[in-house]
Structure formats: C-alpha cells, structure tokens
Amino acid sequence: MKRLLDVSDLRVMFHTYRGTIKALNGVRLWLNEEERLGIVGETGCGKSVSALSIMRLIDPPGEITDGEVVFEGLDLLKMSEEEMDKSVRGKKISMIFQEPVSALNPVFKVGFQIAEAIAHSNDISMDEAYKKVPESLEMVGLDWKRSMELYPHELSGGMAQRVMIAMALAVKPKLLIADEPTSALDVTIQAQILQLLDELVRMGKNAVILITHDLGIASEFCDRITVMYAGNVIEVSDSQEVFQSPLHPYSKGLINSIPIIGASKVLRGIPGSVPDLVSPPPGCRFHPRCEFCFDRCRVELPDLREVKPDHFVACHLYSDDSKEG
Amino acid sequence: METEGSNIVVSRRNLMLEDWKHTLYLWRQNKLAMIGTVIIVFFIAIAVFAPLIAPYDPVKVDLSQALLSPSFEHIFGTDQFGRDIFSRVIYGARIEVGIILLVTVISGAIGIAVGITAGYFGGVIDEILMRITDIFLAFPNLILAMALSAMLGRGVFNAIIAISLVGWTVIARLSRAEAMKIKSLPYIEAIRALGAGNLRILLLHILPMCMSPVLVQLSLRMGSIILTAAGLGFLGLGAQPPTPEWGAIVSDGRSYLVDQWWISTFPGLFIALVVLGFNLLGDGIRDIMDPRIRR
Amino acid sequence: MEALIKVENLKKYFEIKKSMLSKPLQVKAINGISLEIPKGVIFAVVGESGSGKSTLGRVILKLIDPTSGKVFFDGQDITSLKSKDMIKYRKQMQIVQQDPYNSLHPRKLIKDIVGEGLKIHYKLSAEEIYLRIKEILECVGLREEHMFRYPHEFSGGQRQRIAIARALVLRPKFLVLDEPTSALDVSVQARTLALLCELKENFDLTYLFITHNLAVVDYMASHVAVMYLGKIMEIGSKDDIFSRPKHPYTVSLLEAIPSVGKGKRVRMIPRGEIPSPVNLPKGCLFHTRCVQAKDICAKKDPQEVEISPGHMCRCHLYS
C-alpha cells in the first residue's frame, strides 16, 4: 500500500512562564493507506501533541519548531491556514477526541452538527447535508429520529462518541486520528465503540492513528504500534511483535507493568518518574530510569533504527549493525 | 522499599516567593494598575502623615479668616467658619482610611461567616441565610445605608456599621459559591473520614480557600465605600460637624457653590481621585488574577 | 475468619430535585446489598458507571448515611451512630480516593495534611507528631524532607502515596480504596499496587478495593463482588469469578477487556447503553442488554442463587 503520512524530525515546544517545554524531540512517524497505527505511551510522552501537530492545531504558547509532516506528498507544515482548513482538516484528515460530550457544541442539536460537518466536507448546502444525516446516524448504530433532535448534554458518553464518529467518518477521510476515544467510557461501552470503529474503518478503508495509553486496545485494534516516551519515539513494530518481543527497556518495563487476567507474574513497574520536559535529561531521555544505561546513553540521543525486519528501536543497546529507520 | 527520587515535576521550595515575584512583574506591566497604586499610596501617606502636612488645625474656628479664596496661605481656601480647607481635606483622609478599614473588616467578617455557613451546610440553613441576604440586597445601597444610619443615629461609627451592613452581601455570595465548590472536593471528604468535625473543616479548610477571591472583592469595593460614606456625610447622616469627613466638607460648601466654589470642589476632587485610584487598582488586580489562573 | 465488615440489605437512595416545582427524582444508588468482608482480605467491588460501587464504599464508612439496612464493623452495629460516637470508629476505617490531584488540600504542607488525623484524635507533642509523620512517609516510600512541600510539587503517583500515608497514620484496620490507581499511568500503577500489598502485610489491613478494572482485581483481590445499577449480580472468590463466571454481565465484563498480544478475537459484547439509575429497568436490571435474556427476565427480579459455597449469582439462568 502507498505511503500516506510521513512525519520526520517533528519538534514542538511550549513556552510557559516556567520555561520552555520541549514536548516533541524529533518525532518520527509513518503510516500507509488503510493502515492502523497505534501510538501508545504514558502521560507527557507527546502522543496527543503529535496528533495535534499533524492537524496543525498547535496554538501559542505552543510552536512547531521543526520537522516535516508529509501527507499525500505535501508538507502540511508549509501549507497556509486557509488551505489546511479548506482541504485537510475535516476533509482528508478528521479527528475524534477523548471527552465526546465536551467536544460537541452544547448549543446545537446533534442533527445540526452532523449536517454542518457533512456540508463543510462535501461543499454542499446545509439542506442537502441534512438529508444525509439519518444515514450517517444509522451507520453508527443510533436511532436517527430520536438522536437528531437531542442536544449533546442529553447523550450518554457512548452515544456522544458515536455521534463524533459519525461526524468524523461522514467526510470519508483518508486518515482518522482518534485521541483516546474510549478512555472516558465504561468498559462494556468501550468494547462496543471499538467494535463499531473496526467495522466502519474497514468498510470506509480509512487509515487510522489511534492514540491510547491502553496497550490492550492498541494491540487488538492496530496493525502497527509506535511507543513514545518523553517526546521521542522509542520503538515501532507490528502490534503483536511489540508485546511478544519488546526491545526497548522502557517498552519491556511498560509491558511488564500491565496486569493480565490469569498471568501470575509480579508487576514491577518502572522506577523513577517521567522527566521534567523543561530541563529533560541529556542524551536518551529514559537513561536515568534505565537499568541498562551506559555512558553513551547519557550524552547521545539514540536514533530510531530498524533492528529486525519492520521492527525499529531507538536505543544504544542495539546501535551496532542496524540500518537507519 | 523503593524510595521516590527528587526529579519530580516542580520541586522548587520557594514557589511562593516566585509567585510573588511574578505578581509584582505583572503589576509593573499594567500601567493603569500602577497609576492606581500611586494614587492609593499617596492617599494612605496623606492620612498617615496628616499632622506633618496640614498647616492648620482643621477644626479651629476663626471667623476673621472666613471664606478666603485659595491663596498662598490657604492653598484650598477657607470655609464659612474660617477653617483651612486644605488641612480639613488632609485630616479627612485619615477618617476615610479609618472608615474603609473598619467597613472592610466588618463586612468581610459578616460576609464570610454567613457565606461559608450557607455554602457548606446547604439545605435549610442555606435557604434561610440566602433569603436574609436577599432582603439586604433588595434595597439600593445608599438608601439602605441611609435608613440604617438614621436608625442607628448620627456619627461616623454608626455610619461605619450602616455601610458594613450594606456591603456584606456580596462577600456572602462569593464565599458561599467558594464553599459550595470546595465542600464536594475529595480532600474535604478525606478530612471528614479522618474524623474532623464541621467547625474544624469550616475554619481550617474552607475559610482559607475563600480568602483569595474575597480579598480581591473587598479591594474592588473600597472605592464604593468612600462614595457611600461621603454620601452619608453629605446628607448629614455620617460624620457630624466639625469632623472633616470629605462628604461633610462638600456639604458645608453647598450654599456657597457659586461664589466660594473651593469649599465643596476640593474635597469633591479628592473623593473622585481616590475612588478612581481604587477602581484602577481593582481592575489591575482582576487582570492580574485572571491570566495567572489560566497558567 | 470472622467478618470485619458486614453489610445487611443496605440501601441508599438519593433525591435529585430538577427544579423547585418538579417532583424530585430518586436515584437508587445502592439497592439491597448484603456482603461480608473477612478480616485480612482484599475484597474487590467491580462495576461500571451507575453501579453504586463508590457509594457503597462511602456508606460503609458512614461518610454517607444509609437510607436503610445495617452496617457492622468488627461485630458492632454502626448504622445509626451519630458523628460523636463515630469518632472512635473513624480511627479504624479510612479511605484513599481516586483523584490524586484533588484529594490533598492544595494550600497545606504535606506534614499538615498527613498529620491532621493525629491532631484530631490525639493530644501529642509536636515532636511525637513529627516522628509519626516521618515514619509513615518512609513506609510509603517518601522522605522526611517531603514533609515541607506542597502537593503541587509531586507527581500523581507520589500524591497517592501521600494520601495513603494520611490514611495510615492513624493505624486503621480497614481501608476503602476507591479506584486508587485509575488516574495513574500503568507503570506507576504497578508500583502503587505493590506498595498497597506490602502495606497490607505490614499493617495487618483489610481492603475494600473498588475498581472497574478486572485485571487489577485478578492481581490484587481474593474476593470479588460484581455490581450493576445498585445490586450485586455475582459474588464469590477470585477463582469463582474468573474461572467459573456465571452471570452474563460478569462474562461480558471479562470479554470486554482487550487482551494484550493476542490479536483480534470475537467477543460477546452486551448491546445497548447502561440504563440511567434514575430510570431502572423492570425485572432483572441487566435484561435490557443481556444476549441470553428470556421472557421472565423482563418481569421478575431474580433472587440470589448459591452456585457453590461462597459463590452467589443473581440470574434466572440458575434459579
């Protein structure tokens, strides 16, 4: 399949009174058409910031200071705001968020908001767009007659997320970015939503970037997984591979921390805590917490290299005999 | 046993100091707030150093010097009793400062007490206290102050009580809102689980959290306290002669407005200036608080 | 083992007034819960939104008064005790809450937060209080100097440790843990759970562990109760629930958990939304979403059935 998205050396900073937060430190991501990529990591790793950067939704005090975001051959970072609005946001790339009820406009009915999304993306009038709303709602499993007339606060979390999905997929985007779409939902509703997304995305042939802290979800839903830590991508591989043979010490630690039903291992966790991104540690940002740390780790940031076929790691343990990622 | 390291999110022990430095920095940036600060500092200085600044005794009557227009000897002129207006205005600043302080403390105390009790306990207590507050709020400030003042009798102290009884309602509402917000936070529940009684929670946990917005509100109201006091003084309900309260001085000059304009004008100007100062200061405080919260 | 906590037919109904004029709505948060927590165990209560699990924890601690039913602590009926009489029980039962960012007073030093319990219950000298605070902070993996800092200077995981220290400074017997790790990153969760296990051994504690995460339940607990809309659907030992789940809701909870490293699989996912606690379904509470629902399920609320000693299920499939 064709390469859809190529993000290289993405750097993002946030200027606050405390200092400059170096949120993204040269992020490397890539995605093919119809592929599903999961971005996993813990708090502060930069997964949401990466997604927002792709959509150019980083506002001051944030700033994209470097890098390329090549989507369908064009660098989105060099595009004008109007062009982004007109042809990319809500058209070629759409996004759904974690708190669905808050992501919807509270003063307009659901039907109106979906119609608005359809009208914007297909460049048709609101009247015509309204005609497509029932189909859109049925597709996500909602009773359109009732749902169209509801306001966001009248929806449950699961219903609101379905509405968001309807809006996001009505535009038939090439790429859907889902930022923690089920984290705020109950477990059984989460399962429903993921199943729905799975079906719709398969039918619509959309590529998906799924951002989550839940490795189980990433494992089931995604083809490939990117693990991030403190603003860097530290491991990328096929979603089964990363769990069966993680290479990076952080990935290993993370996977060892997940409680699994029936497994009788002791959960160890990872000692220390995530670094302050205003003055992050030099070299590899994980080195202060890494049991395998040696001198090189303290001074040089490791590159993301292909260490096994389609398995990339950014770690000096694997720095010899490997090709660039 | 594994021990946590110190490489944690923000580990500055002097965060309070840094906070202050940042506040002062923002303060200096805000031109209007600076102007307001200057005016108020000036005002307080006059009040404190009154005996050193005023050239004459503010209450001594000397009819031979009556109704003199502003000159080198009497910068603001004299009134119908021969009293130097400048000295009267200077000493008047003391009275104004006194009024502001006392009203702020009294209305603040009543307001907070009513507010946090109503907000924390809710239910019937809240209903009763809020209805009482509503009754006080139903009347326009000055009218109510006048009525209370008339009831209590004349004089500065009664005026202070009257103005306090008018002003506490806003503070009550504010404290109530804060108390309601805080009482449902987890840490209050945790303290109840520890066995803390209601009084302890109110005084040690809820009250400190209300202080910040209440103090801001109290400083925003200082300008209007002066206006109300001056209004009462003007109407003869507050300060009694010969007390040189600014409103009373303005009232003294009422019959002489056309020919001896200086008697009413100068104290009036001072009232306007100080109220302006408080308003600018208040706006500045609001501006500074706002973006800091967004941080 | 005798029960440290016993709850009999506990009910808590909340009244919500939508406006001054309309009739108040009734939320049956807990609707007839009976269970026993033996001394020294970790007893997990699992459920989703509206299950009533958080309310249950708080009613047991008497932070919320029950509408009806009884609560026994160490054999004593504490149901109707007034606050005065509850004070001596407060020392023995504490809570650790979910949100580490709002569970510590933001304007107080750690030493004041952790030491508050001591000041309420005991007349100790300043030195003694200092020593006890230092001791308990060290037990949770923090250091003496941390006493002089403010909550905002700590990470989420550390704040939870402080909350645990605050709860343990009074040396309680029983701890209600309300989703203590749900707001934490996975790697921090692992360490916090390890700490909780260690403290349980060292301090001889009994836990009521409230969570929606069944994997954590499997890791920590020995007894499990599954709640749905205010009632217990199934209750038993960990082994009963995970190896031999009987209630369709329990099964769907287990199925709903995405599994790590196993790829996609077909699962039995319940349909429909979780009903609002204001508008409970008639008959069996779960029937609106149950794929195995029969006619009787819509009409009659099932009784509890004993599957095996200690393992009970509330479902028409087994009655």
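**A chat about the model**

Reply: Happy to. K62(C) counts as buried, with 22 C-beta neighbours inside 10 Å; a residue is buried if 20 or more other C-beta atoms lie within 10 Å of its own, exposed if 12 or fewer and partly exposed in between, with C-beta atoms placed from the backbone. This is a predicted model, where local features need pLDDT of at least 70, side-chain atom pairs count only at pLDDT 80 or more, and totals for chains, interfaces and linings use all residues. Residues are numbered from 1 along each chain as its sequence is written, while chains are lettered from A and ligands numbered from 1 in the order in which they are written.

Me: Where is K62(C) found?

Reply: In the loop between α1 and β4 (68-73) of chain C. Helices (H or I, at least four residues) and strands (E, at least two) are DSSP runs, numbered from the N terminus. K62(C) also has a positive phi of about 60°, although it is not a glycine.

Me: And D310(A), buried or exposed?

Reply: Exposed, with 10 other C-beta atoms within 10 Å. D310(A) lies in the loop between β11 (305-308) and β12 (311-313) of chain A, and its phi is positive too, about 60°, although it is not a glycine.

Me: New topic: what is the strand order in the open sheet of chain C?

Reply: The eight strands run β6-β7-β8-β3-β9-β10-β12-β11, with mixed pairing; two strands pair if DSSP finds at least two bridges between them. β6 (93-96) and β11 (305-308) of chain C stand at the edges with a single partner strand each, so one side of each has no neighbour in the sheet. From one strand to the next, the twist averages 20°.

Me: In which sense do β6(C) and β7 of chain C pair?

Reply: Parallel, over four bridges, with β7 spanning residues 174-178. I95(C) has V176(C) as its bridge partner in β7(C).

Me: Last one: which residues does the cis peptide bond in chain A join?

Reply: P60(A) and P61(A), with omega about 15°. P61(A) sits in the loop between α1 (47-54) and β4 (62-71) of chain A.

Methods:
Axes fitted to C-alpha atoms, helices over the stretch in contact; angles between N-to-C directions.
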